[in-house]
Amino acid sequence: MERSFVAKNPSVLVFLAILSLFTLGVTILSEGFGIGVISTSFVKTLGKTLCLCLIAVAMDLVWGFTGILSLGHFAFFGLGGYMIGMWLMYERTRLIVVESLSQADIPPTPSEVVDAIGTQIFGVVGSSEFPLIWAFSHSLVLQLALIVLVPGLLALIFGWLAFRSRVTGVYLSILTQAMTLALALYLFQNDSGLRGNNGLSGLQNLPGVTASQDVVSIWFLWASALALGLGYMLAAWIVSGKFGSVIRGIRDNEARVRFLGYSVEVYKLTVFTLTACIAAIAGALYYPQAGIINPEEMAPIASIYLAVWVAIGGRGRLYGAVIGAAFVSLLSTWFTGGQAPNIPLGFHTIKWVDWWQVLLGVSFVLVTLFAPQGIGGLFDLWSDRRHPDRHCANLGPDDGALREKEAIE
Amino acid sequence: MFRLFLASLAILFACLPANAQEAGLEPILQSHQEIIAKSSRKTIKPAIDAITASGLPQAQVMLETWAAKDMWMRKSDGLFFAGKRVEGRSYELTDFDTGEVIGTYEKSDLKQLKPNSGVRAMIGTALVQYQLTDQDRKRRLAALQSIQRDPEGALLEPLRASIEDETDADLKAQKQRLERLLTIGYDADTAARVAAVEEMSNDLGVDVRAALNPLVVTTRMVAPNLPTDENIAIVLEPGSEALSRDEAYDLLVASNLAAPRVSQDDIRTALSANIDRGRVGGVPVAQLNNETARTQAYAALAETGAVSALVTEADIDDALGKHVFFETYREASPTVTAAAEKALDHIEFKVGLNQTLDLLLDAISLASIYFLAAIGLAITFGVMGVINMAHGEFIMMGAYTGYVVQQFIPDHTLSIIVAIPMAFAVTFAMGVAMERLVIRWLYARPLETLLATFGISIALQQLAKNIFGTQARPLTAPGWLDGAWVLNDVVSISYVRIAIFVLALIFLGLFLYIMKRTRLGLEMRAVTQNPRMAGSMGINPGRVNMLTFGLGSGIAGIAGVAIGLFAKVTSDLGSDYIVQSFMTVVVGGVGNIWGALAGAGMIGFLQKGIEWMNPSNTLAAQTYMIVFIIVFIQFRPRGIIALKGRAAGD
Amino acid sequence: MKPLKSTLAGSVVFAAIATAALSAEDTIKVGVLHSLSGTMAISETTLKDTMLMLIDQQNAKGGLLGKQLEAVVVDPASDWPLFAEKARELLTVHEVDVIFGNWTSVSRKSVLPVIEELNGLLFYPVQYEGEESSKNVFYTGAAPNQQAIPATDYFLDELGVEKFALLGTDYVYPRTTNNILESYLKQKGIADDDIFVNYTPFGHSDWSKIVADVVALGADGKKVGVISTINGDANIGFYKELAASGVSADDIPVVAFSVGEEELSGLDTANLVGHLAAWNYFQSADTDENAEFVDTWKATMGDGRVTNDPMEAHYIGFNMWVNAATTAGSTEVDAVRAAMYGQEFPNLTGGTAVMLPNHHLAKPVLIGEIQEDGQFDIISETDVVPGDAWTDYLPESAVLKSDWKDLGCGMYNTETKTCVQTLSNY
């Protein structure tokens with residue numbers, strides 16, 4: 001007898017309930033729609049955190065379930081942000097330009113309008129021409145499509161090349177890292193046409209929207225929560241079915257799955273591309289809240305941090321990724337924000353601004369060594385599941401031939 | 001009455017340089033008081049000319065004092081003196097004419113004259129006539145440098161005169177060379193110039209080209225007919241590659257031989273100036289939102305004569321047909337220009353060859369830096385298969401060790417000699433500790449090693465920031481590494497880079513020796529190929545792994561000292577190299593030192609090659625290089641030198 | 001029980017409001033928005049310390065409008081989006097009256113929309129590329145015509161440079177500055193072929209080829225000069241390579257716009273002697289005000305510390321703000337802004353700085369030669385140069401003008417006589 005998807009995955013229901021409660025709570029406490037306990041800047045932080053949770057879910061799917069440690073997903077995240085940013089900048093500037101040109105004696109020609117927009121957008125970087133990649137920026141619909149298409153295509157091509165030639169394991173990680181680095185370096189150049197190091201800015205001001213940021217920030221919070229909810233359900237649905245079993249199989253022993261007749265490359269490519277698209281959507285929601293996107297966001301270190309979040313939260317379980325991303329990024333905000341109290345040691349005062357990175361680095365090593373299940377592992381304690389003491393070794397034929405399910409129960 | 005007399009006498013003095021000469025240098029200086037006090041290159045010439053024209057012996061001392069910023073002006077009367085700091089803010093002044101100390105003054109009563117380097121260069125040129133035959137070799141050298149920087153025709157004669165009596169062979173050669181160069185540019189005799197040009201046409205020096213190039217400078221001109229009194233270089237055809245139609249027409253416009261084209265901007269301005277009751281040229285203003293309507297309205301305006309007519313293609317063709325376009329040499333003598341062109345062609349070819357050589361040297365140097373950064377990784381990652389993201393931080397720790405050692409040992413040579421083993425010791429200990437505490441638990445999980453070592457990497461980086469600050473720290477190379485090995489003016493490479501290259505070679509040798517000739521190397525190879533088998537042969541795999549990792553880390557530390565010497569020591573020094581280092585190892589082929597060498601070579605040469613093709617954007621070179629590597633990996637996933645058979649593992 | 005509880009709660013709330021109100025009454029809050037961690041911390045931490053020192057001094061003098069000043073320091077951690085977030089926090093949560101902050105252009109662009117939306121007031125202390133004029137920002141650092149153009153003039157007139165190498169780090173300040181300079185040089189009759197432009201990434205270290213290219217520029221007998229907008233650490237490798245190839249400042253002079261006392265303090269300056277830098281302030285300026293400023297700074301921070309141009313910018317900006325608020329009798333943003341125009345305050349280098357209606361200062365420009373001890377020998381000082389928000393040397397911006405006082409517009413097109421926009425387009 002087939003049980004329904006929800007019945008098989010009670011955690012999805014719990015997660016969605018918590019997410020909606022959270023969103024409702026923040027809305028009530030916000031300045032825009034509620035009693036104003038939570039400041040708008042914190043609402044933005046929370047909204048951004050939800051986007052980070054979404055990309056963490058994508059990362060978990062590709063790493064925790066499929067075993068591909070991609071150190072390049074922030075590249076897709078950033079690309080998504082650039083795609084929406086291009087439309088936001090173009091449209092906002094167009095409104096300004098049309099307004100100012102309408103004051104002139106003679107109505108402007110379309111090419112004059114475009115030239116003036118170009119001068120405004122690229123004036124800061126000493127140019128005024130529209131590069132080719134801005135060809136679709138006038139259309140919201142096309143640009144929205146590009147949010148998914150550009151990173152998706154990049155992931156497809158890169159993944160196809162990499163998986164086809166059977167690049168696996170750490171090689172693949174290094175290769176994805178190189179891809180991010182190349183993309184970031186490329187975007188750093190002015191010639192790339194996306195304003196180089198300056199990036200695209202002022203993205204929080206939606207063109208034609210006069211509502212204050214107090215309200216806009218809540219809209220984005222809702223949108224981010226919705227995207228996270230949908231993304232979570234999609235990921236849960238993927239990993240619960242037969243597809244999920246195959247990708248877990250690939251993670252645990254790729255060669256065996258291949259010998260069983262599955263086209264491993266197709267599965268990997270599907271997951272890789274799909275998660276790239278999810279990452280891009282998360283990015284497209286993130287950067288209008290952050291207000292500015294520039295190539296520094298895509299530096300290789302960002303993608304490594306993403307892996308860190310997922311590892312600390314707990315790989316191989318979707319809620320673990322969400323917890324990890326939310327926990328570490330909020331904690332990071334708290335520590336680097338200067339709110340954490342200093343600890344005087346007599347000879348040296350520990351300022352968390354200086355020591356937070358050290359703490360993060362060390363705790364990361366400790367988690368990897370002693371708690372490979374991450375924070376999510378706490379739920380196992382609670383539900384009384386035990387992991388066998390494997391001395392950190394992999395599951396698989398060499399190590400007692402336990403399947404993961406058996407090993408847990 | 002008497003005062004008035006004195007005053008007029010003073011004015012008389014100032015006006016009569018002949019009288020001034022008897023009185024000494026100070027009156028000359030005073031007659032140019034204002035411009036000397038201002039010391040601007042644009043205005044200073046009369047003052048310097050007057051000083052040199054005076055022929056006074058003290059002029060040399062005075063000019064040298066001035067150039068050394070040791071000349072001071074007394075605020076009370078505006079007189080100039082040589083100043084020397086006594087103590088604190090008081091200065092002892094010496095009169096130029098008498099050479100006597102006239103007293104000690106507070107700084108607030110004085111104004112220091114600070115000639116900028118432009119003025120200093122002019123002073124230097126003025127000093128040449130004194131210094132060329134000076135007793136002091138240093139002064140004669142300074143004179144030659146001044147001539148080199150600002151070659152002038154007037155210097156040719158004194159230079160020629162001084163060659164005869166030059167005792168120093170080295171200086172004599174320099175003087176002769178300079179004489180040839182000045183002859184090319186300034187000799188009155190055309191035959192002598194041509195001879196000098198031909199003589200120097202084998203020389204690669206920048207100064208030779210600097211002397212020849214001005215001779216072949218051309219100016220683009222246009223005229224109804226080809227002039228006969230000019231030294232014409234080439235006649236240009238409009239519409240050819242050398243001169244496009246647009247350029248040709250622009251040239252006509254610039255020479256006032258044709259009417260300028262009317263641009264869209266001009267049309268708009270003209271239209272908005274001629275709005276007449278909501279219409280321009282009969283077209284309603286609201287319809288003027290496209291170019292056709294605007295052109296139409298403008299044409300209507302032009303017919304009424306309100307604006308100048310549009311320039312049509314036919315007009316352009318007509319104007320171009322009526323004129324000749326040509327380039328003329330600024331140098332009047334055709335024989336000289338012809339000889340210079342020929343010499344330059346010859347030199348350019350040789351320069352091209354040498355530039356290629358220089359590029360090759362640069363590429364080798366870059367490759368050896370990458371190799372040095374990656375060699376430790378070739379051991380830990382290549383041989384052991386451990387991903388160590390903290391490798392870059394080991395490089396950084398090595399560099400900081402060098403910096404710390406220099407704080408205690410001020411002698412740069414000694415400090416580097418101490419720093420190298422110290423850096424090895426520090427990073428070796430660090431590597432061993434890391435292997436024992438973290439990595440050995442994770443041998444079965446390479447991906448997690450990557451993440452755990454990344455954690456260590458960010459912690460170490462932040463620790464370095466906390467200890468040393470974010471400011472870059474100096475790691476100074478010993479004096480004998482300053483400067484560069486100069487083959488000629490085109491090919492040169494700094495000694496530091498050569499030292500790095502040598503160091504890279506030494507490490508290559510050391511590595512090969514350890515791996516192939518020592519017990520440890522044998523054990524290492526055994527353990528990495530099959531740890532269980534090695535274990536049953538009596539090798540302690542744990543100990544060997546520990547030592548191998550320590551060795552790799554230690555070499556990274558030494559690489560850090562070398563890299564710090566030629567660049568900078570900052571806390572993110574390591575992260576600059578980590579991705580490149582992994583690339584080097586992966587591209588070259590894992591498990592093989594020759595692979596790392598090949599990888600470093602390929603990346604170095606590639607990057608320099610791309611830089612050469614696109615010299616204005618270094619960032620592009622790095623981007624394209626990475627893209628190339630990604631593609632390369634697709635076709636040779638195991639790198640350039642792939643291990644075959646059982647050794648390939650997996 | 002219930003009434004007691006509500007009374008209790010009520011009194012707690014009341015007490016909270018009362019304390020809040022009290023603290024709001026008691027102090028005037030000054031926001032300090034400088035990175036204390038990350039890559040920019042090295043430069044910006046100094047400015048935070050400067051602000052704290054200035055605020056302490058002002059409080060010792062009796063504060064402002066009878067109230068004490070209170071610094072609210074936040075750390076945007078060299079993370080550009082975080083700048084916007086922290087600026088919002090300062091304005092809405094801490095409710096500061098003025099913000100002193102930012103270093104990089106990209107961080108300023110990130111903060112702009114927030115400041116304009118919430119009508120805040122920002123004092124920006126660093127030399128920048130211009131082409132911007134916001135109603136809510138006062139630019140106390142140099143605009144291109146107050147640093148780059150005079151330095152180029154110095155090259156042309158004083159050093160007789162005929163061929164220019166514009167070397168820069170690849171980001172917005174060098175890009176825009178070099179763009180303006182290229183256009184300026186062409187107007188001065190320098191041919192296209194005589195301008196060599198190169199961009200390198202942040203922290204670039206492999207300079208041998210670029211230096212060789214620059215030296216080779218001298219092959220046609222023209223004097224070569226380098227205008228460097230190279231940022232931060234990359235300078236070290238550049239100067240080292242320059243020295244290694246035997247090029248002295250007399251052969252190929254280098255004028256840098258991003259190398260100041262602070263940058264030199266960690267460097268072995270033997271290689272750099274004679275090269276130039278252009279700023280509005282040098283620590284070596286010989287005036288009483290400067291001696292006092294330097295002494296106070298060293299007394300606060302330690303003997304080894306140096307002062308630099310952005311510090312003076314904050315010094316002038318802060319004092320002007322204090323005076324403007326005193327004139328206006330309030331710290332309300334619009335009142336202070338109106339009182340800012342025409343404010344005068346003595347420079348540390350002598351003379352007086354004046355705040356112009358375009359939110360820039362009028363100041364003299366100094367050119368200094370680097371000395372062995374890491375200080376600059378001031379060898380040239382121009383007349384007072386009024387800062388220009390929109391450069392005159394690019395065709396698009398030559399027609400633009402900023403005048404917030406009379407025209408009420410930061411981007412006024414003098415050709416069409418219209419205001420292009422009042423809010424910035426970031």
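**Entry 1**

Does A:R195 count as buried or exposed, and how many C-beta neighbours does it have inside 10 Å? I looked it up: A:R195 has 27 such neighbours, so it counts as buried. I noted the cut-offs: a residue is buried with 20 or more other C-beta atoms within 10 Å of its own, exposed with 12 or fewer, and partly exposed in between, with C-beta atoms placed from the backbone.

The model is predicted: local features need pLDDT of at least 70, side-chain atom pairs count only at pLDDT 80 or more, and totals for chains, interfaces and linings use all residues. Residues are numbered from 1 along each chain as its sequence is written, and chains are lettered from A and ligands numbered from 1 in the order in which they are written.

I then checked the backbone of A:R195. Its phi is positive, about 65°, although A:R195 is not a glycine. I found A:R195 in the loop between α7 (169-188) and β1 (200-201) of chain A. Helices (H or I, at least four residues) and strands (E, at least two) are DSSP runs, numbered from the N terminus.

B:K69 also went on my list. B:K69 is not a glycine, yet it has a positive phi of about 60°. I placed B:K69 in the loop between α6 (58-67) and β1 (71-74) of chain B. B:K69 has 16 C-beta neighbours inside 10 Å, so it counts as partly exposed.

**Entry 2: chain B as a whole**

I counted 27 helices and 12 strands in chain B. The radius of gyration of chain B is 36 Å, well over the 26 Å from the globule rule for 650 residues, so chain B is more spread out than a compact globule. The radius is taken over C-alpha atoms, and the rule is 2.2 Å times the number of residues to the power 0.38. The C-alpha trace of chain B spans about 110 × 90 × 60 Å along its principal axes. Of the 650 residues of chain B, 43% count as buried.

Next I looked at confidence. pLDDT is the predictor's confidence in each residue, from 0 to 100. Chain B averages 83, and 95% of its residues score at least 70. Over residues 9-21 of chain B the pLDDT is below 50; this stretch has 13 contacts in the model beyond near neighbours in sequence. Two residues are in contact if their C-beta atoms, placed from the backbone, lie within 7 Å. Residues 645-650 of chain B also stay under 50. Where pLDDT is low, the predicted coordinates should not be read in detail.

**Entry 3: where chain B meets chain A**

I found 46 residues from chain B and 44 residues from chain A in this contact. Which helix gives the largest share of the side of chain B that touches chain A? It is α20(B), with 14 residues. By class, that side of chain B has 32 nonpolar, 10 polar and 4 charged residues. Ala, Val, Leu, Ile, Met, Phe, Trp, Tyr, Cys and Pro count as nonpolar, Asp, Glu, Lys and Arg as charged, and the others, Gly among them, as polar.

**Entry 4: where chain A meets chain C**

Here I found 38 residues from chain A and 34 residues from chain C. On the side of chain A that touches chain C, the largest share is 4 residues, from α3(A). That side of chain A has 8 nonpolar, 28 polar and 2 charged residues.
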